[in-house]
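Hi everyone, thanks for coming.

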Amino acid sequence: MNRHIRGLVALAVVASVLVVLRTHGLLQGLPALALAVLLVLTVPSARNLSQRLLYNGLITLGAVPLTWWVPERFLGVDHGTLLLAAVAGLTAGWIAAGKSPRRRALRLLPRVRAIDSLPFLAGILSASSLGVMLSVRSPLEALAIMTSRWDYQSHFSIYHMIRSHGEVIPTIPPGAVGELWGFAEYPQGFHALIATLSNLYRPGEAGVDSEVISYIVLQAAVCSLTVLLVVAGLCALPAVRRRAAIAAPGIAVAAAAWIYGPGAIPVYGGFGNFYMACGMATATVLALLTVQRRLPVIAVAVVGAGLVGICNNWLLLVSLVMVIIITKLWGVARNPGAYGLSWWLLAAGCGIVTLIGIALPLVQLIPLIRSSQGILEALGGIVVPDLGQALLVLTLVVVLGFANLSASARTGSRFLRAERLDVAKASLGLLVPVAVGVYLAVTQSMQHASLTYYFYKYLIAVLLLAWPLAVAAAAALIPPPAVGPARRRNIGLAAGLSIVAVAATQAFGFSLPDLDKAGLPATVRPVGEMTVQKALLASVPGYVPRLLRSATQQQPESTLYVPAPGTMDPVLAARWQWGMRAKSSSTTTNLGWLVYEITKDYARAPEVIARILNENPDMSVIVDAELYTPVHAHLSTLGLEGRLIRLA
């Protein structure tokens, strides 16, 4: 049999078997997730394990959300099934089509060194810092945590809409009365990724009880995977791999910055999409630093996926990767003859997909362009990162960038010279996002006489890139190891530096929990947040089961939930109820302003509810028992009492 025909047969057989297993419920839950992880580990995009994790991880995070722009109603299968079948089938086909299938099969096994364990250790450390969220198994526990932060509501609503309809919100057909769906203008890469993982674990629609659990657990898991991706990028750098033991403490500090330092702010603030976008921006920069001189096609695909992922999550973070990408493209443009026809064709294909992936969120954002400056100056709640540490690491990166620039001029090796020049460009390229930050600071100060939400959020992104860049720049300055050192001396040095690396994880505060009685309290943010979460779950607030019932009890198509005074913010309650029913729309967005009137004066609740019912003839209102009697009495005078529902 011709080897190409053999490859096509293998592709069709493997893909078909997986589709059958999935559609018959024989491959779901943990086995399906395990298969997805196995594919990420074995697709031979690179020989070294860390570099493979970096490349495959970026392609996965960037490309997977794009598939949701093709609705499930057109595909016939869920997106998780499609991706599993496609990747497994293509891998099997590639092996079978080789002149030596055995040799190709062996290439699925990556080269592994001791330093390749660091991404997994960092991922485990990150997961331990999110232990409470990862261990949630009750919808009441999930809602108790998520209602403590405002932003969880909008992100869950987007995720639930995607899961319920099998497509991103902009492609969902308009509602029954032609109204637009809510959050259609919001980039949805993070939410689509979580929906994919949820599809793999539990195909088909699930009840809202299951969905709130899936969301809080999977968003925490994605945050841990983001840390794994960033650390894999550091461990893939040639300079780091040459002097792994010396670089290990620096990698530990960078990982600690993501887990315990500024990275803990978005993770516990409910900004998982922003955290993942920061990770993709950092990983994209590191991916470009893994290649010197000639740019392979796989690097083009990886960088393209990184750009797509950034744009589909937090567009402004493109500024973090601009300089290094432009300099690499300029290098290709200066020497086009170094690349053959096949390279140009494949690179053009990657470029077209990248441009499509970037254009889609740009089209989404068109309604917000006129108000973009106002959005960037908007007020909001976010923890301010340590400004002293920020000044330190930003200065360090720029100084190390100049040091690499100077060292490259004195380097005899062409490879080392190119490596140090690339690191210098990436490090000094940080001045571009610093300039963007200064612009935000100036405009916000002029508008509000102080710095606000988006400045601090953007600063966190810059810091999360700066710490890994500092490690990369420092590693590039370390001279290559001498030939033939004494083995015993190497082992002793490695052991000592490993101890330093463990201690370096405490650079942003002491993180060991449950030692308060011994006078050793943990000082890092995640431990404090988990303590608060455990206390919250030990005594779930009474408004939480009410909120869940408001979405699950039998009710008309269009409803609004108003809680009793002293329970939870009525605007937040209404938005959660709409989100859990996958009913967020332009109508409900506008209703939020009316509901806000109740927040200002609960005595006006009957009057405001009557106004809502008058202006929205198809809507009914659900209220807590404490509100039912006064609201019913007022509505009875207007003939609207038939559209009032007591919470079950």
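This is a predicted model: local features need pLDDT of at least 70, side-chain atom pairs count only at pLDDT 80 or more; totals for chains, interfaces and linings use all residues.

Let's begin with helix α26, which runs over residues 525–538.

Which residues of α26 are buried? They are Pro 526, Val 527, Glu 529, Met 530, Gln 533 and Leu 537. Looking down the axis of α26, you would find these buried residues within an arc of 160°, so they line one face of the helix. As a reminder, an α-helix has 3.6 residues a turn, so residues three or four places apart point the same way. On the face turned away from the buried side of α26 sit the exposed residues Val 532, Ala 535 and Ala 538. And what do the buried residues of α26 pack against? Their partners are α7 (118–129), α8 (131–134), α9 (139–146), α14 (244–259) and α15 (264–269).

Leu 627, Tyr 628, Val 631 and Leu 635 are the buried residues of α31. Seen down the axis of α31, they fall within an arc of 110°, so here too the buried residues line one face of the helix. The cover over them includes the strands β1 (559–562), β2 (620–623) and β3 (644–646), along with helix α30 (605–615).

How many cavities of 30 Å³ or more does the structure hold? There are five. The largest cavity has a volume of about 70 Å³. It is lined by 13 residues, and the closest to its centre are Val 285, Leu 320, Ile 324, Ala 426 and Gly 429. Helices α18 (322–334), α22 (414–428) and α24 (453–477) each give at least two residues to this lining, with the largest share, three residues, coming from α18. By class, the lining of the largest cavity has 11 nonpolar residues, one polar and one charged.

The second largest cavity holds about 60 Å³ of space. Around it you'll find Gln 153, Phe 183, Arg 575, Trp 578, Ser 584, Ser 585, Thr 588 and Thr 589. Both α28 (570–580) and α29 (586–600) supply at least two residues of that lining. Its classes are two nonpolar, five polar and one charged.

That brings me to the loop between α28 and α29, where Ala 582 is found. Although Ala 582 is not a glycine, its phi is positive, near 55°. Is Ala 582 buried or exposed? With a relative accessible area of 9%, Ala 582 is buried. Asp 514, in the loop between α25 (487–504) and α26, also has a positive phi, about 65°, without being a glycine. Asp 514, however, is exposed, at 68% relative accessible area.

My last stop is Ala 283 in helix α16 (residues 272–289). Its relative accessibility is 0%, so Ala 283 counts as buried. Leaving aside residues up to four places away in sequence, Ala 283 touches Leu 54, Leu 58 and Leu 229. From C-alpha to C-alpha, Ala 283 lies 9.8 Å from Val 227, and the pair is 56 residues apart in sequence.

Technical notes:
Residues are numbered from 1 along each chain as its sequence is written. Side-chain values use heavy atoms; hydrogens and water are left out. Helices (H or I, at least four residues) and strands (E, at least two) are DSSP runs, numbered from the N terminus. The expected span of a helix is 1.5 Å times one less than its number of residues. Buried means under 20% relative accessible area, exposed over 50%, partly exposed in between (1.4 Å probe, protein chains only). The arc is that of the directions from the helix axis to the C-beta atoms. Contact means heavy atoms within 4.5 Å. On a 1 Å grid over the protein atoms alone, a cavity is a set of points where a 1.4 Å probe fits but cannot get out, and a pocket is an open set with protein on both sides within 12 Å along at least five of seven lines; lining residues have an atom within 4 Å of a point. Grid points are joined across faces, edges and corners, and a volume is the space filled by probe spheres set on the points. Ala, Val, Leu, Ile, Met, Phe, Trp, Tyr, Cys and Pro count as nonpolar, Asp, Glu, Lys and Arg as charged, and the others, Gly among them, as polar.
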